[in-house]
Amino acid sequence: MLSNKRLHISNDAQDVPPALDAEEAARAAHERDKSITKHHFEPHEHPCVRIEHLMKTFDGDTQVLTDVNLTVWPGEVVCVLGPSGSGKSTMLRCINLLETPTAGHILIEDKEITGHLLQSEVNKLRQNLGMVFQSFNLFPHLTAKGNVMIGQTKVLKKSKEEAEAEALKQLDAVGLLDRADYKPAQLSGGQQQRVAIARAVAMHPDIILFDEPTSALDPELVRGVLDVMRKLAEHGGMTMIVVTHEMGFAREVADRVVFMEGGVVVEQGTPEQVFDHPQHKRTAEFLGSID
Amino acid sequence: MDKTNKRMGLRSLVAAFVLAIAFMCVLPGTAFGLTTGSTTAKPNEDGGTGVIGGLPTRLTWEATVDEGDSVQSLELVLPEGGSFDGSTTKITALKGLDRSKIEGEASPQGNKLNVKFSEPLNAGHLIRLEVTDMRFPPQGGSVVVGGTYVSGGETKQLQDAPPIETIANTFAQTIVSWLDHQPWVQAWNSNQFLGMFFKPQLIVTSLFALLPGWFVCLGIVIASYPFAVVLGLIFALMKVSRFKLLRAIAIVYINVLRGTPLFLQIYIVFFGLPMMNINIDNYILGIIVMAINSSAYLAEIFRAGIESIPAGQYEAASSLGMGHLQTMVNIILPQTIRRVIPTVTSDFITAFKDTSLLSSVGVMELMMFSKNLTSITGNMTPYVTAGIFYLIVTLPLIKVVTVIEKRMARSERGGGKRPKAKADAVKEEVADAI
């Protein structure tokens, strides 16, 4: 919990090939992805997240991620579906190094984050990766506004006035301007999660990771949160990786849907491809059980 | 040769003896012209034992005129700071058992009282002066009545009378002497239990007498606690540190201090340091020992507080790009401090009570004062009063702990004051629900 150790992932021992060259990888990923996403590719575009042969083992024997390969393009909204225990959340947490990958490569903007990395480099990386948690994880001792401000003042070193203006702007965007001075405990779950989104967005990251953002909410509070996320995807042009069980949201908002099971990506495609014409039996079974 | 030597020795011995007798006759003869018999003082009001400064007191002075002397007038010098109304002074001259016809007239002059007799009082007369409205100096202490007298036109010094002990006239003393006269107090004290543990007069005396000790207790705990908090925080952070050495140091420090009695620690420090020729003021040493002892307990409280913060808080801080130190300072410690306030207050109560152990090494704190007073009076009431003094501090703090705990429980459920109109929140909730 308080660990500040150097990350070291021994790829040699795990029989994982080295990460691909950026140009080569971009071309290959483009070739692979162009038919399975609604994303509009720019010429010579490079993926902003590249996951190659990602492997994660807990306590030395529980293998959660077996071999995950995924690329995410700038501005793309990727929804990750799958049964519980399939490794969706673990993959997401590996991307901002809340979990240390056991083997494999993760590259953000063509920069490898797996391997040797100093804590300061990890911190720098995380500024670029917003995260929204299932359990909100707002700071209970700060107001809604304070929650949105603290990253800006302490990490981005913005002035208090600047941070406050930004915080109010972001709280307004999630419809909670009038709750700016409330403590998290005084807000509903849905409101808390919207504050958490505002907190992530206020750091102006390139990518936001959503880890089951509506799973802890009462059903009637889910919509407000999804609306905020939809707005962010459609108007903000934000790159989003969303681990979710909200099929409706995935179908409506996602550029690409990824189905994971057993620590691998089983199937991915546009929402139409995955929901309407699933190629794998497991995908069909899973979608059938949800509906 | 031998004979003359012996005679010379004998002669000188006789001469010395005669000389001594002569001296004894001459010297006392002049000094004892008027022998002061007794000087007594008694409070004007009934009851009570001692003479209290500043309160109306009757001073009785007696003297006998010796053989071959006569007294025409005398002047009593009363202590500075006192006051008296000389005009009501009762003058009595007795010859044997008969009241003399000789009259006296008293007139005050500053702190002196002049008494003139209508004719000289000759040998054998007993003079009694009763100053009925005397007030001794309010600060109390030993008071000596001296003065001069005129005998045959010659002014002679009065022999000093034995001193009168007076009690300082404090506020407490006033109450005590008032209580002394109350029938209910007498009835109360006649009950053995009440008189032994709750004697009203002693409660009042103790309240005033123990006050300095109470302040010492408060002073020691208030001075030591900030150091204890800082030390405790340092050791708590060391104990959750990723460095094995820091963790080991913290564990040894905390466990040794928590695993041995404070009493023992006090003995080691108070007797050990002087043996090493390190001499530190007792109060400072008391503060140091209390600070070190409390810091171990506080370290454990802080550590438990830090570890009670959910992992999600670290993750949320990390995801914003905060480093370890930033996370600690901005996110973890502020929450920890809120959480541990009730426990820390409880520990403060314990530390305050534990200052009593310092009495064992001679620190003049509450316990020491009450012990002294109890051994003087042979009554348990000073201990009971000391208990009251401890409770004056601890009971409100116990209440504070309860209130804070309730408030924290409420705010965790989302209660507490809303910054804006509550109706808005309800509306929002409804809007969310639709």
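Because the model is predicted, local features need pLDDT of at least 70 and side-chain atom pairs count only at pLDDT 80 or more, whereas totals for chains, interfaces and linings use all residues. Residues are numbered from 1 along each chain as its sequence is written, chains are lettered from A and ligands numbered from 1 in the order in which they are written, and side-chain values use heavy atoms, with hydrogens and water left out.

## Chain B as a whole

Chain B holds 14 helices and 13 strands, where helices (H or I, at least four residues) and strands (E, at least two) are DSSP runs numbered from the N terminus. Of the 434 residues in chain B, 40% are buried; here buried means under 20% relative accessible area, exposed over 50%, and partly exposed in between, with a 1.4 Å probe and protein chains only. Among contacts (heavy atoms within 4.5 Å) in chain B between residues at least 6 apart in sequence, 72% join residues at least 24 apart.

## Helix α5 of chain A

Helix α5 of chain A, residues 160–173, has 14 residues and spans 20 Å from its first C-alpha to its last, close to the 20 Å expected at 1.5 Å a residue; the expected span is 1.5 Å times one less than the number of residues. Its buried residues include A:A163, A:E166, A:A167, A:Q170 and A:L171. Seen down the axis of α5(A), the buried residues fall within an arc of 135°, so they line one face of the helix, the arc being that of the directions from the helix axis to the C-beta atoms. An α-helix has 3.6 residues a turn, so residues three or four places apart point the same way. The buried residues of α5(A) pack against α4 (144–154) and α6 (189–201) of chain A, while A:E161 and A:K169, on the other side of α5(A), are exposed. After the helix comes A:G175, with a positive phi near 75°.

The loop between α4 and α5 of chain A contains A:K157, which has a positive phi of about 60° although it is not a glycine, and which counts as exposed at 60% relative accessibility. A positive phi of about 50° is also found at A:H53, again not a glycine; this residue lies in strand β1 (residues 49–58) of chain A and is partly exposed, with a relative accessible area of 26%. Most residues other than glycine have a negative phi.

## Aromatic pairs and charges over rings

Over all chains, a search of the whole structure finds 12 aromatic pairs. Rings of Phe, Tyr and Trp (its six-membered ring) pair if their centres lie within 6.5 Å, and planes under 30 degrees apart count as stacked, over 60 as edge-to-face and the rest as tilted. Two of the pairs are set out below.

| Pair | Centre distance | Plane angle | Class |
|---|---|---|---|
| B:W214 and B:F389 | 5.3 Å | 40° | tilted |
| B:F263 and B:Y267 | 5.0 Å | 50° | tilted |

B:W214 lies in helix α6 (residues 211–239) of chain B and B:F389 in helix α13 (residues 381–412) of chain B, so the pair ties together parts that are 175 residues apart in sequence. B:W214 is buried at 13% relative accessibility, and B:F389 is buried at 4%. By contrast, B:F263 and B:Y267 both lie in helix α8 (residues 262–275) of chain B, 4 residues apart, about one turn of the helix; B:F263 is partly exposed at 38% relative accessibility, as is B:Y267 at 35%. B:F193, B:F197 and B:F198 form one aromatic cluster.

In chain A, the charged end of A:R179 sits over the ring of A:Y182, 4.8 Å from its centre, and A:R199 lies over the face of A:F139, at 4.6 Å from the ring centre. A charge sits over a ring if NZ of Lys or CZ of Arg is within 6 Å of the ring centre and within 35 degrees of the ring normal.

## A buried serine in chain B

B:S295 is found in helix α9 (residues 282–307) of chain B and is buried, with a relative accessible area of 0%. Not counting residues up to four places away in sequence, B:S295 touches B:A228, B:L231, B:G232 and B:Y253. The side chain of B:S295 also reaches the backbone oxygen of B:I292 at 2.7 Å.

How values were computed:
Polar contact = N/O pair within 3.5 Å; in protein donor to acceptor, adjacent residues only side chain to side chain.
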